[in-house]
Structure formats: C-alpha cells, structure tokens
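Have a look at the sequence and the model first, then read on.

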Amino acid sequence: MSAPTRSTVLRDAIGLGLAVGLYGAAFGAAADAAGLDVWQAMTLSALMFTGASQFALVGVLGAGGSALAAVGSALLLGTRNTVYGVRLVPLLRPRGVLRRLGTAHWVIDETTALSIAAPDRGLARLAFLAGGASIFLMWNATTAIGALGAAALTGPALAALDAVVPAAFLALLWPRLRAGFPEAGVQLRVAVGGAVVALALTPFVPAGVQVIAAVVAVALAGRPKPRAAAR
Amino acid sequence: MSGTGLWAAVLAGSIGCYLLKLAGLSVPAAWVEQPWVARIVDFVPAALLAALVAVQAFTSGQELVVDGRLAGLAVAALALALRAPFIVVLLAAGAAGALAHVVAG
C-alpha cells in the first residue's frame, strides 16, 4: 500500500484534466447546436466553469427556452457547488478576500473530489490547485475546439451533432442510475419522472419551461416522508 | 433568441453560478447543511438531466417528434450499458443519427 504523495496527486490532477477535456469538446458542440456563437461558448467555460450548469443552460436555450428558464436550470445545478464549498473550507482555509474570491471560481465536482481524497491539508490544497488549473485549461481549450468544429459541420454531419447532444446529456445522467450510486433506485424514479413530466408538458407550455416544471414537480412529489425513510 | 438575449443568459448564469460557489466558502456551514438543500443537491440533477435528455431527443419547439435522434439515443444507451468510454458513446450516437438521417432521406 503506497500513501498518496505529491507526484500521485499531480498525476491524478492532470489525468482528470485530460478526461474532462472530452466533455469540454462535447459542450462546445452542444453550445453551437443551441445557437450560441463561439465567444458565448468560451465565455461560459471561462466564467461559469461548472460543466453540468453549462450543459443545462445551453440545453434549455437549444430547446427554444427563454433566458430566464435557462439561467434557472443552470442555477439549480449550481447549488451543488455551494455544498462543495462548505466541505472545502476546512481543507483549503482560504485566507483573505482575494484568495477566497479566486478559490471560489474553481469549486467544482472534480476539484472537490480530488481535495477530499487527499490524505492531508497540504496535499488537499495541491490537489485543488493542480486539478483546478489542469481542468480549467483543458476545459477552455476543448470548448473552443468543439464550438469551432461544430460550427463547420453541414448536412449529415449536422444530423450527427443533433444526435450527439442528447447522448451527451444521457452520459452525464447515467452514472447516477448505476447500482452503487447512493439511492440509485430513487435516482432512476426521479429521472423517469422528470422525463415524463417534461414531455407531457411540452405541447402546452413555452419551450424550456417544461424542464423547470419537471424538476419542481418531481421535487414536490418526492418530499421526504418520515415513514418512507424508515422503511 | 437575439445575440443580446443569449449574452444576457450567458452572463447572468455565469455570475449566479459564481456567487453560489462563493456562498459555500463564505456562509456558516449550518446554513447550507439543511435537509432540503441536501435533497436538491442529491436529486435535482437526475430530474433536470433526464428532462433535458427527453426534450433534446423527442421535441422540436412545442411538438413531440421521433427522428434520427432516437436512433442516436438508443445506441448511446446501449454503449453506456456496455460501459463504453464517453468519446465512444458520442461517436456511436452521432454515427447512428447521421445514418438514420441518410436512410430517411
């Protein structure tokens, strides 16, 4: 058994950056398919820098949804990062306003996972910084590649892109439905419920609203019941 | 949507998501560690992503439609079930979608 050291922390951080890069290219392509230009796609990756929220924003816009519905979806997914921040404070202890403002920008799924996995605070900080830097660079570079590449597509290649976008969303959802994910059975019911409500509402509400409505409906239907929890 | 509307969504969403990150580093942990917050964090992603999959794959504006995207989604689900890597899932879905487009003419 070998304890994680600086070099293994760095290797994991760089490896994760490379893996995330593929998702960046898919995001760039999805943004183009949704009607965003290359600058808008790149601005999202540089400033929003949280993949699921970025995918949600362009997903709702691509479905013809309003800016409000799109931003609402992005913020709903962005609440994850608030919880991550709370977990990271004792590990990273960002001192001073500037350091806190800078740290906040890189609080995402991957940097949280890397930091929490590190065996001590020094390595946690290294994992956060190295992972954040590697992911930020790759994510922005591949977003540009994906957006520029998708913008150049025509004909059957464009039909391919139309099929790739829902597949990318399914790939983001899939790990939550796998056995082994906490409460995978409930996750599956929530997912099916969200999809059914969204499709049922599509003919009747403005585009994009059905996505938000599906989330609200599923959230209300699934309020925790003390009895259900005891079973 | 106009370019201005898109930019408004891009910038408002980016600022909002940044403030959510900053809040986690700034507010007392007890404010965030509430059962209802935990539920949002645990289950909203599944509902939202599934709703987006459905809308992306089966709607066009306010109409429900079935087209080449269904072929792509079915192939993607199969690839994911076989634990294929992300890039393989996307390439297979894209190939299926393009093929369905060509066959359907």
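**Two domains, two chains**

The C-alpha centres of domain 1 and domain 2 of chain A are 25 Å apart, with domain bounds coming from an automatic or database domain assignment. This is a predicted model, in which local features need pLDDT of at least 70, side-chain atom pairs count only at pLDDT 80 or more, and totals for chains, interfaces and linings use all residues. Residues are numbered from 1 along each chain as its sequence is written, while chains are lettered from A and ligands numbered from 1 in the order in which they are written.

**Domains of chain A**

- Domain 1 of chain A covers 6-154, and domain 2 covers 178-231.
- Where they meet, domain 1 of chain A supplies 10 residues and domain 2 of chain A supplies 7 residues; two residues are in contact if their C-beta atoms, placed from the backbone, lie within 7 Å.
- On the domain 1 side of this contact, helix α4 (residues 67-92) of chain A gives the most, with 5 residues. Helices (H or I, at least four residues) and strands (E, at least two) are DSSP runs, numbered from the N terminus.
- That side of domain 1 of chain A has 5 nonpolar, 5 polar and no charged residues. Here Ala, Val, Leu, Ile, Met, Phe, Trp, Tyr, Cys and Pro count as nonpolar, Asp, Glu, Lys and Arg as charged, and the others, Gly among them, as polar.

**Where the chains meet**

- The contact between the chains takes 84 residues from chain A and 68 residues from chain B.
- On the chain A side, α8(A) brings the largest share, 19 residues.
- By class, the side of chain A that touches chain B holds 58 nonpolar, 22 polar and 4 charged residues.
- For the complex, the predictor gives an ipTM of 0.90 and a pTM of 0.87.

**The nonpolar core**

- The largest nonpolar core has 117 residues, and Ala47(B) and Ala51(B) have the most contacts inside it. Such a core is a set of buried Ala, Val, Leu, Ile, Met, Phe, Trp, Tyr and Cys residues joined through C-beta atoms within 7 Å.
- Both domain 1 and domain 2 of chain A contribute at least three residues each to this core.
- Ala47(B) touches several residues of chain A, among them Val190(A), Ala191(A), Ala214(A) and Val218(A).

**Transmembrane annotation**

- For chain A, an unreviewed UniProt entry lists "transmembrane region" at residues 55-77, 126-151, 157-174 and 195-221. UniProt positions are given in the numbering used here, feature names are shortened, and annotations may be inferred rather than shown by experiment.
- Residues 126-151 of chain A are 100% helix, with end C-alpha atoms 37 Å apart.
- Residues 55-77 of chain A are 83% helix and 0% strand, with end C-alpha atoms 10 Å apart.
- For chain B, the UniProt annotation (unreviewed entry) covers residues 6-24, 36-58 and 70-103.
- Residues 36-58 of chain B are 100% helix, and their end C-alpha atoms lie 31 Å apart.

**Two arginines with positive phi**

- Arg93(A) has a positive phi of about 40 degrees and sits in the loop between α4 and α5 of chain A.
- Arg93(A) is partly exposed, with 13 other C-beta atoms within 10 Å. A residue is buried if 20 or more other C-beta atoms lie within 10 Å of its own, exposed if 12 or fewer, and partly exposed in between; C-beta atoms are placed from the backbone.
- Arg83(B) has a positive phi of about 60 degrees, and Arg83(B) is exposed, with 10 other C-beta atoms within 10 Å.

Note on methods
Lists of a residue's contacts leave out its neighbours within four places in sequence.
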